Amino acid sequence: MAAAAAGLNWRRVSSSTGPVPRSRHGHRAVAIRELVIIFGGGNEGIADELHVYNTATNQWFLPAVRGDIPPGCAAHGFVCDGTRILVFGGMVEYGRYSNDLYELQASQWLWKKVKPQAPSSGSPPCPRLGHSFSLYGNKCYLFGGLANESEDSNNNVPRYLNDFYELELQHGSGVVGWSIPVTKGTLPSPRESHTAIVYCRKDLGSPKMYVFGGMCGCRLNDLWELDIETMTWSRPETKGTVPLPRSLHTASVIGNKMYVFGGWVPQSAGGEISAHDGEWKCTGSFSYLNLDTTEWIGLISDCQEDKSNLLPGPRAGHCAVAVGTRLYIWSGRDGYRKAWNNQVCCKDLWYLDTEKPPAPSQVQLIRATTNSFQVKWDEVPTVEGYLLQLHADSPVPSAAGVPVTAVPETSLLSSQGSGSSLHQSPQSLPSVPYPEMKVDHPSQTNNVIPNNVQVSLSSNSLLKVEGKDKVTAPENKITQETMKNHADATGFKESNAPSGLPVCTSSPQTSTNVGELHDLDKRTVNPDASVSSTSSAQTMVTQQAVKTESSSTNGAVVKDETSLTTFNSKSEAAETRVSTGQTNDSHSSKTPQRQMAPVKTRDRQWYDVGIFKNNSAVVSQFYLLPEETLNFSNKMGSANVPDYRLLKKQDLFPGTVYRFRVAAINGCGVGPFSKISEFKTCIPGFPGAPSTVKITKSVDCIHLSWEPPASPSGNILEYSAYLAIRSPQLQENPSQLVFMRIYCGLKTSCIVTAAQLSNAHVDYTSRPAIVFRISAKNERGYGPATQVRWLQGKVGVRHR
């Protein structure tokens, strides 16, 4: 197979939702975070709609644009600067070209026609199509294109251009004006329907623009380089096989590679490339240029015909856009039929993962019980699933010698908190080694992914807005973390800390994964820490964003009205892990701590928990590997997923320390594993953590309320609420928070006064926040606490 020979794993998108745009060619696309934004193009008329495809949810939608909406155009310039998009020129009707400039603020879907100043010497760019329009820093670089020499649009007299302009942008919105840079060296020959990209080597830091191919009466395959700092044109020497001459192809930069796909290429006759007036054809060839070494590498040749639909078909005038390390290709012409003088356009959307995904963040604890953990980790963009593994402090024998707890097959690895329990029976797990797993495009089905089941991306986010120009993905403004505070009711390994009030750290839960946060948007809070809910795809910007963040403190300090206790965290040089101080509460009965025997690294074995669609999981069991697999994987470090149908399952034990790691999966395979985290299951009898914490702001105080634990394990005797406060000890160790108890009683709410808030510590671990902790006590003592981070101030968006 051509695909196999090239080592590529193209995926055709299926089962997308929303209004799929009609097929076309001459359109353009850019990416903002996980969104692909497409504009223009033509097929039976020039399109003027703006279409958006959410790569995370596999959803198309038409945003409600407003303002100076531009006419439809094709073969135009289209670049993205943060959350604004610039459109220049293009064909607006047959024979009539444009030199208008429009700006789209994607944060508001607001169009604006902008009028840049003319160059100080010379004329502004003439109307054109098929030019290149490239962005670097605060400047766009316009090169070449095709103009109509005739003033009569019906009398098309083509003129190929090689003029070069620089457009200076204002910060955030607007433009300054055009200029005509003075360049050195030989200017590239006139052309249209070429490509131009900008690349800056990390080691040299000198930005270069590369122009490749195009059309000037015949198709070209020459490569030109412009040193942007010195404004010097040159023809770089290249290695490898240069792609055939072409136009209407695409060039996309991912990492240090420029990927060139498709386009019109001359029709070869008897091995000879035809003359410029000869026949031509669409191609599905695929190559890349290593921009560090200027070496061409062919991945799919022009002569390779793939009949198995494993590769995108030949096309020209399509669009290609990089989302992270994933390349998306949509539509384009699939041939030219002279007999009928018409064109056929492709209707398919494809993507290709160009490299394995990076390691996710450490696994973070949301909640621990006596026999399960609810865990999460930060999302990795453009992945299809996550492989979660664990190993126990106590050695786990191979499947041959372990009695396995009888559990109904349908109870394996259920996901809770997202509104539905998603189960997967091992009987439905066919035997397919993971690296060759056949994965269709993302669908929103199962959270536990067997070897051959469709895998879905983990995010369902759309663009959200803070202020005028900031675009975010939906997150929680208030984040909750389940904090383990009792030595026997903890999700963390115990430390040698003295007795004190309940403390511990964990990681936040998200509103998409934890049912307790579904009604967070009902709160009213500080205007600078406002809370909102997910907006719809159609309106895009109607509500503010609900935010989540990851945070972890390595130990803590708790201050009661009369006592101050410091908690030290344990560390292990061989592994990076999450570990915090644990103590008995000063008001609870003393319970003997279970000390786990240390396990040597060489004796540890990683076991699969499963493959998960989303970045969260409820872990109550793991798979046991046969003895021969244990020995093999210990020696080889194999990350291949075995046939789960053949494996037995082991329940988690109470009071046991488990270590976790997770790896992301995409079309290139399983990426590297995360750093290791360590949590401990609870001892029975203690209450669970309070849930559904709400914060309502008043003029001179805030109201803090919560719901009782889902598992009280008896009568709740009291609740305690704590506030992180400023302390000199924080200067010595910023990771150790100091807490003061602000409430103790049976009510599930309390008032936090302005005086108490004035003493609050603002935690800058991730984003500025005031931290609260709430825990419940029964006859056995205090159980795990829930931590709430109340975000403060206007927080900017971190662009990826």
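This is a predicted model: local features need pLDDT of at least 70, side-chain atom pairs count only at pLDDT 80 or more; totals for chains, interfaces and linings use all residues.
Colleague: Which strand holds tyrosine 102?
Modeller: Look at residues 96–105. Tyrosine 102 is found in that stretch, which is strand S9.

Colleague: Is tyrosine 102 buried or exposed?
Modeller: The cut-off for buried is under 20% relative accessible area. Tyrosine 102 has 11% relative accessibility, so the residue counts as buried.

Colleague: How many of the 10 residues of S9 are buried?
Modeller: The strand is mostly covered. Of its 10 residues, the buried ones number seven.

Colleague: What separates the C-alpha atoms of tyrosine 102 and valine 87?
Modeller: Along the chain, the two residues are 15 residues apart. Tyrosine 102 also touches Val87, and Ile85 and Leu86 are among its other contacts. The C-alpha separation is 5.1 Å.

Colleague: Over how many bridges do S8 and S9 pair?
Modeller: S8 covers residues 84–93. The strands run in the antiparallel sense, and the bridges number eight.

Colleague: Which residue takes a positive phi in the hairpin of S8 and S9?
Modeller: Two residues lie between these strands. The positive phi is near 80 degrees, and it belongs to glycine 95.

Colleague: What is the bridge partner of glutamine 105 in S10?
Modeller: S10 spans residues 110–114 and pairs with S9 in the antiparallel sense over five bridges. Four residues lie between the two strands, and in this hairpin tryptophan 109 has a positive phi near 55 degrees. The partner of glutamine 105 is leucine 110.

Notes: Residues are numbered from 1 along each chain as its sequence is written. Side-chain values use heavy atoms; hydrogens and water are left out. Buried means under 20% relative accessible area, exposed over 50%, partly exposed in between (1.4 Å probe, protein chains only). Contact means heavy atoms within 4.5 Å. Two strands pair if DSSP finds at least two bridges between them. Lists of a residue's contacts leave out its neighbours within four places in sequence.
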